[in-house]
Number of protein chains: 2
Amino acid sequence: MLSEKLLNTAIDHFGRFGFEGASTRAIAKASGTAMSSITYHFGGKEGLYLAAADHIAACITALQGERVAAARAAGRASRDAAIQGVLGVLDGFALMMLSAEAAPWARFITREQQYPTEAFDRLYNGAMRTLSEAMIELVSRARPDLPEAEAKATTILLFGQALVLRAGRASVCRVLAVERIDDSIAALLRARLRANALCILSETPQ
Amino acid sequence: MLSEKLLNTAIDHFGRFGFEGASTRAIAKASGTAMSSITYHFGGKEGLYLAAADHIAACITALQGERVAAARAAGRASRDAAIQGVLGVLDGFALMMLSAEAAPWARFITREQQYPTEAFDRLYNGAMRTLSEAMIELVSRARPDLPEAEAKATTILLFGQALVLRAGRASVCRVLAVERIDDSIAALLRARLRANALCILSETPQ
DNA sequence: GTCTATACTACGATAGAC
DNA sequence: GTCTATCGTAGTATAGAC
């Protein structure tokens, strides 16, 4: 599929160089086609950019959607189920942050987080919204003592622990004194994240 | 100071548009000078980029250095002092992530985290290294039950909770349903971060 | 030190062949 | 649907005036 190839190359280039820095010529060449194919398929550079955002949202939903929906439903049973649900969703998110497949998506999204454009709306509504809403519900059930705003803040901070694994990747590698995060280091980080989250969620109000 | 003005404009433009996307013409114009001043002062676009990284590192050190050194020294006294030290350093870091002043630095650094260049070495050695080393020492004292690798992982995850406040800013605003993070929301987030960190650090091994 | 002028390359968009 | 050719614009670098 030519347009699929163009989309994946576009995500990579936009993530690397930003919207202005990326070149449609280079994207087309790396996809093995001519620049005017982009005009034909997507209407231009901006159309390609927005289509790339939609594609990322679809990929994330395909990867996380089922797990999140299941955890959300199961979490309604009990506080303990909610805690397990948070741990499961968070671990799925951490796995995505650790995977090489998701690296280009993360670079694209990270840029949009700084200066959101229409592409961020598509990312948020297409993928992030269900993820965050499920997490907020689960956290609220796990910590019924927290007011809504505090539960939302806790959700954000929990995601932050997973986010750093991608958004701060170079620093993570420096701190751990490794070239790349292999399976054993990933397991260690995930276990720590799980322990931290469990500790935060199971804290009982005094 | 003309070269100072150029540096600050450069940090902003490189952070917004990336190295390739930023234009030396635009940077010069926004600084009220001609493009060839960049050649004169910094040798070219790349020299300006590296100088911008050095400038950011110096600014961060000026902002955090004293507090971090004090916390590190005080933390050697007792486990409790170490815990308080971590909370203090983390709060200082969170404040930086929340401040508008540091936003351009964060955008610049976030880009470097994804594809580190020589500029990342300068950022890490110039500012991040002392910060992370101090935190690892403090966390190790606060949680003497943790092996070194686990203490490092915990440090990373603790920083992640503060990092998300900048690196995931657009999502944070969406989740909290606000346009911008005002003082009261910032206070809430910092308090939650403090509570989470305290809970993680004061956990006693079973 | 800071400017203008210029050389050269690469950009996105578009028209038109096939 | 995919290509080549071309247009106007904007990029960096550099030389030389002041």
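Axes are lines fitted to C-alpha atoms, for helices over the stretch in contact, and angles run from 0 to 180 degrees between N-to-C directions. Helices (H or I, at least four residues) and strands (E, at least two) are DSSP runs, numbered from the N terminus. This is a predicted model, in which local features need pLDDT of at least 70, side-chain atom pairs count only at pLDDT 80 or more, and totals for chains, interfaces and linings use all residues. Residues are numbered from 1 along each chain as its sequence is written, chains are lettered from A and ligands numbered from 1 in the order in which they are written, and side-chain values use heavy atoms, with hydrogens and water left out.

**View 1. Helix α9 of chain A meets helix α8 of chain B.**
From α9(A), A:V172, A:V175 and A:L176 make contact with B:K152, B:A153 and B:I156 of α8(B) (contact means heavy atoms within 4.5 Å). By class, this contact has five nonpolar, no polar and one charged residues. Ala, Val, Leu, Ile, Met, Phe, Trp, Tyr, Cys and Pro count as nonpolar, Asp, Glu, Lys and Arg as charged, and the others, Gly among them, as polar.

**View 2. A salt bridge links chain A to chain B.**
A:R192 pairs with B:E150 in a salt bridge, and their closest N and O atoms are 3.0 Å apart (a salt bridge is a side-chain nitrogen of Lys or Arg within 4 Å of a carboxyl oxygen of Asp or Glu). A:R192 sits in helix α10 of chain A, residues 183-201, and B:E150 in helix α8 of chain B, residues 148-167, so the pair joins two chains. A:R192 is buried at 10% relative accessible area, while B:E150 is partly exposed at 21%. Buried means under 20% relative accessible area, exposed over 50%, partly exposed in between (1.4 Å probe, protein chains only). Over all chains, the structure holds 26 salt bridges.

**View 3. Two salt bridges lie within chain B.**
B:R72 forms a salt bridge with B:E137, with 2.8 Å between the closest N and O atoms. B:R72 belongs to helix α4 (residues 45-74) and B:E137 to helix α7 (residues 118-142), so the pair ties together parts of chain B that are 65 residues apart in sequence. B:R72 is partly exposed, at 24% relative accessibility. The second pair is B:E148 and B:K152, whose closest N and O atoms are 3.2 Å apart. Both lie in helix α8 of chain B, four residues apart, about one turn of the helix. B:E148 is exposed at 53% relative accessible area. B:K152 is buried at 17%.

**View 4. Helix α5 of chain B packs on α8(B).**
Helix α5(B) covers residues 79-98, and its axis comes within 8 Å of the α8(B) axis. They cross at roughly 15°, and are therefore roughly parallel to each other. This crossing is right-handed. The α5(B) residues in contact include B:V86, B:L90 and B:F93, and those of α8(B) include B:L158, B:F159 and B:R166. By class, the contact has 11 nonpolar, no polar and one charged residues.

**View 5. Helix α5 of chain B also packs on α10(B).**
The axes of α5(B) and α10(B), residues 183-201, are 10 Å apart, at an angle of about 150°. That makes α5(B) roughly antiparallel to α10(B). Their crossing is right-handed. Among the α5(B) residues in contact are B:R79, B:Q84 and B:D91, and α10(B) contributes residues including B:R190, B:L193 and B:R194. By class, the contact has 12 nonpolar, one polar and four charged residues.

Chain A has 10 helices and zero strands. Its C-alpha trace spans about 65 × 35 × 30 Å along its principal axes. Of its 206 residues, 54% count as buried. Among its contacts with a separation of 6 or more, 72% join residues 24 or more positions apart. In the close-up, salt bridges link A:D12, A:R16 and A:R107 in a network.

Note on methods
Parallel < 35°, antiparallel > 145°, perpendicular 65-115°, else oblique. Left-handed = near helix turned anticlockwise from the far one by under 90°.
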